[in-house]
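Please report on the ligand sites of this model and on the residues around them.

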Amino acid sequence: MSSQNDFPRRVKIVEVGPRDGLQNEKETIGADIKIALVDRLTQAGFPNIEAASFVSPKWVPQMATSAEVMAGIARKPGVIYSALVPNMKGFEPALAAKADEIVIFGSASEAFSQKNINCSIAESIERFRDVAQAAKQHGLRLRAAVSCSFGCPYQGDVSPESVADVVQRLRDLGCDEIDIADTIGVATPRKVHTVMQRLAKDFPIDRLAGHFHDTYGQAVANVYASMEVGVSIFHSSVAGLGGCPYAKGATGNVSTEDVLYLMQGLGIETGIDLDTVVDAGQFISQHLGRKAVSRAGNAIFAKRQS
Ligand code: HMG
Ligand code: MG
């Protein structure tokens, strides 16, 4: 395990709030609000924003406005605007919407694969093969998410070997980056070390991303633990928005404000302005009619008021 001195000098933070954060909201959120949120996040300086999801609107109604959102955002050159794509039916609108990066999403758990995308892991890889080829043909970046890498709401334990098996298959499809997702937020730091170090045998660790949900309050610790073994890409959600529609009880991603506060304290560069993110978090939380689920975000906001 590396010492703190070996921590990355810079990390990439992928903001997933507009997709992972909002997909689970029951009330329909207007495309104008989603566009305003993405624009605020762009202004904050994120290098990569997950802005859309071209999945079945019957499965995830909140994401039905994805094409409108992608058409309405003010893009900053160099920023990657990503979209989830489960199959070729989703690839066409993602291409038309000018997504810079296609995100295929599989699972390390058979049970979750069935619940989330209605097919087995093996079938999902076959569907992704066409999507991956099409993305490459069009010169788009290709990323993949592996859900339930640390535990599954339906089958419980998930072995590091079964995560590695899916990572190998996604690597062979040509993925540029692979997200190791704790969908239900059950991981703790030692488990994170074990899983990330195992996966590093099959895929470059600097292209693995930590995607931690914060259900059990461990996500910031898990980000820290990931950096100890060389991971330098993290996903987070402004105001801690989120939850997965197919993982009951799972809460949002680690809040972006908390991750940025951690990085600031460690002297690790992100290129992102924390104050602008706090504003974006207040903006969306006001719209949703609730307090932001971010310790750092709420503390910074309260300090400003006093
Ligand atoms: P299916 O029912 O097996 O698919 O769903 P199908 O091919 O039989 O099609 C059924 C219907 O869906 C048809 O419409 C298709 O046209 C339509 P109908 O004839 O009934 O009117 N359809 C589509 N419509 C729009 N866009 C598409 C599309 N594909 C089919 N792309 C499918 C399979 C994968 C489509 C479905 O299960 C689905 O959409 N699932 C989405 C699940 C989802 O979005 N989950 C949340 C995101 S993943 C996540 O949050 C985890 C992550 O954050 C990491 C982590 O934390 O773990 C990434
Ligand atoms: Mg997620």
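N118 is found in the loop between α5 (110-117) and α6 (121-137). Helices (H or I, at least four residues) and strands (E, at least two) are DSSP runs, numbered from the N terminus. N118 has a positive phi of about 65°, yet is not a glycine. N118 is partly exposed, at a relative accessible area of 48%. Buried means under 20% relative accessible area, exposed over 50%, and partly exposed in between (1.4 Å probe, protein chains only).

A239 also has a positive phi, about 60°, and is not a glycine. A239 lies in the loop between β8 (233-236) and α10 (256-266). A239 is buried, with a relative accessible area of 1%.

## Basis of the model

This is a predicted model: local features need pLDDT of at least 70, side-chain atom pairs count only at pLDDT 80 or more, and totals for chains, interfaces and linings use all residues. Residues are numbered from 1 along each chain as its sequence is written, chains are lettered from A and ligands numbered from 1 in the order in which they are written, and side-chain values use heavy atoms, with hydrogens and water left out.

## The magnesium site

Which residues coordinate the magnesium ion (ligand 2)? D20 (OD), H211 (NE2) and H213 (NE2) do, at 2.1 to 2.3 Å. Donors are N, O and S atoms within 2.8 Å of the metal (3.2 Å for Na, K and Ca); water is not among the atoms, so sites may look incomplete. Along the chain, the donors of the magnesium ion follow the spacing D-x190-H-x1-H. D20 lies in helix α1 (residues 17-21) and H213 in the loop between β7 (208-212) and α9 (219-228), so the pair ties together parts that are 193 residues apart in sequence. D20 and H213 are both buried.

H213 has a further partner. The side chains of N253 and H213 are joined by a polar contact of 3.4 Å. A polar contact is a pair of N or O atoms within 3.5 Å; within protein, one must be able to donate a hydrogen and the other to accept it, and residues adjacent in sequence count only if both atoms are side-chain atoms. N253 is in the loop between β8 and α10. N253 is buried, at 2% relative accessibility.

## Ligand 1

There are 26 residues around ligand 1, and K58, K89, N118, S147 and T183 come nearest. Here, near means that a heavy atom of the residue lies within 4 Å. An N or O atom in the side chain of S147 is 2.6 Å from an oxygen atom of ligand 1. A backbone N or O atom of V55 lies 3.3 Å from a nitrogen atom of the ligand. H213 places a polar side-chain atom 3.1 Å from an oxygen atom of ligand 1. The elements that give two or more residues to the shell around ligand 1 are α1, α4 (88-96), α5 and β5 (141-147).

## Two pairs along the chain

N24 is found in the loop between α1 and α2 (31-44). N24 is partly exposed, with a relative accessible area of 23%. N24 and P61 are 37 residues apart in sequence and 8.9 Å apart in space, C-alpha to C-alpha.

W59 is in the loop between β2 (48-53) and α3 (66-72). At 34% relative accessibility, W59 is partly exposed. W59 and A97 are 38 residues apart along the chain, and 20 Å separates their C-alpha atoms.
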